[in-house]
Each structure stands twice: as C-alpha cells, then as structure tokens.
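Keep the sequence and the 3D view open side by side, and try each task before you read its solution.

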Amino acid sequence: MSHLAPEQLVELRGRLDAERLRLLERQASEEAEVAAEDPRGDIQDKASDEARRTTAMQRHDQGEGRLQEVDAALQRMDAGTYGICEETDEPIPYGRLQIEPTTRYTVEALEMLEQERIRDDNMAHGADDREAY
C-alpha cells in the first residue's frame, strides 16, 4: 500500500464504506420485500407477488456477492495489502482502484488470467471433443 498516498487511501476507504452502507440498506429493503406477502388477491396477484419476490431474492444474492467483495477490500486495507495485485504482487495503480476499489488484480494480471482461462477451456473442450469419437 506504500504506493498509495494517505489521502488516496482515505478517499478509497470512504467510497468502500459508502458502498457497503448502500448495499446493506438495499439488502434490508429486499429482505423486507421478500418477506412481504399479501394473503388477499387472486391467483394473478399471487403470481405477480411471487415473481417480485424472486426478483428481489436474485438482487439480494447479487448484492451479497458485491458486499463480500467490499468487505474483502476493507479487510485488505486493514491488513496493509490493499492495492497489491494478488497474482503478481505488483502495485495496482490508483486510477484503477478509483474505477474499481475492490479490484484484486492489475489489468495485466487480469489479461493473463483470462488467457489462462481461455486456454484451459479450449483444452477441456478439445478433450471432450476427442472423447466423443
């Protein structure tokens, strides 16, 4: 984290804290929406309520994943490892952290990981294709 100035860390922590609070508030709202049930109404009303609850649960699950990313970034800040690429141990540029404060990788490391994933997928599909014959 030594590549980040104290004011940069303060700004990034503030953004992470604000996002965390927003996510928690949204999750509370979605949990209330999932729990809400109107016993009145016809079958169409019940179907509409079920669709609304399903959508709220999906948003809740997505928010939970994002909340975990934010919490992990805050933990890295506390541990002194924030802003260091988990793949290369290189500093992640401040500009990249401003765009995505939860990022764990430099752009170069992400590209390398993506190339590895594509290669692994191609190898797996190639093996599947050979097994089919």
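**Exercise 1. Is Leu 110 buried, exposed or partly exposed, and where does Leu 110 lie?**

*Solution.* Step one: Leu 110 counts as partly exposed because its relative accessibility is 37%. The cut-offs are under 20% relative accessible area for buried, over 50% for exposed and in between for partly exposed (1.4 Å probe, protein chains only). Step two: find Leu 110 in helix H4, which covers residues 107–131. Helices here are DSSP runs of H or I with at least four residues, strands are runs of E with at least two, and both are numbered from the N terminus.

Before you go on, note that this is a predicted model, where local features need pLDDT of at least 70, side-chain atom pairs count only at pLDDT 80 or more, and totals for chains, interfaces and linings use all residues. Residues are numbered from 1 along each chain as its sequence is written, and side-chain values use heavy atoms, with hydrogens and water left out.

**Exercise 2. Which residues does Leu 110 contact, leaving aside its neighbours within four places in sequence?**

*Solution.* Contact means heavy atoms within 4.5 Å. With the sequence neighbours within four places set aside, Leu 110 is in contact with Arg 96 and Tyr 105.

**Exercise 3. Describe the protein as a whole.**

*Solution.* Start with the secondary structure: there are four helices and zero strands. Read from the N terminus, the elements run α-α-α-α. Next, burial: 26% of the 133 residues count as buried. For the surface, the protein exposes about 9,000 Å², and carbon and sulfur atoms supply 53% of that area. Such areas come from the Shrake-Rupley method with a 1.4 Å probe; for residues, only the protein chains shown count as cover. Finally, take the contacts between residues at least 6 apart in sequence: 59% of them join residues at least 24 apart.

**Exercise 4. Trace the salt bridges of Arg 66, and say how many salt bridges the count comes to.**

*Solution.* A salt bridge is a side-chain nitrogen of Lys or Arg within 4 Å of a carboxyl oxygen of Asp or Glu. By this rule the count comes to 12.

- Arg 66 meets Glu 69 in one of them, at 2.9 Å from N to O. The two are about one helical turn apart because they sit three residues apart in helix H2.
- Arg 66 counts as buried because its relative accessibility is 19%, whereas Glu 69, at 40%, counts as partly exposed.
- Arg 66 also forms a salt bridge with Glu 100, again at 2.9 Å from N to O. This pair links distant parts of the chain, 34 residues apart: Arg 66 is in helix H2 and Glu 100 in the loop between H3 and H4.
- Glu 100 is partly exposed, with 25% relative accessibility.

**Exercise 5. Which residues does Gln 8 touch, not counting residues up to four places away in sequence?**

*Solution.* Begin in helix H1 (residues 6–35), where Gln 8 is found. Gln 8 counts as buried because its relative accessibility is 18%. Beyond residues up to four places away in sequence, Gln 8 touches His 3 and Tyr 94. To finish, compare chain and space: Gln 8 and Gln 98 are 90 residues apart along the chain, and their C-alpha atoms are separated by 9.1 Å.
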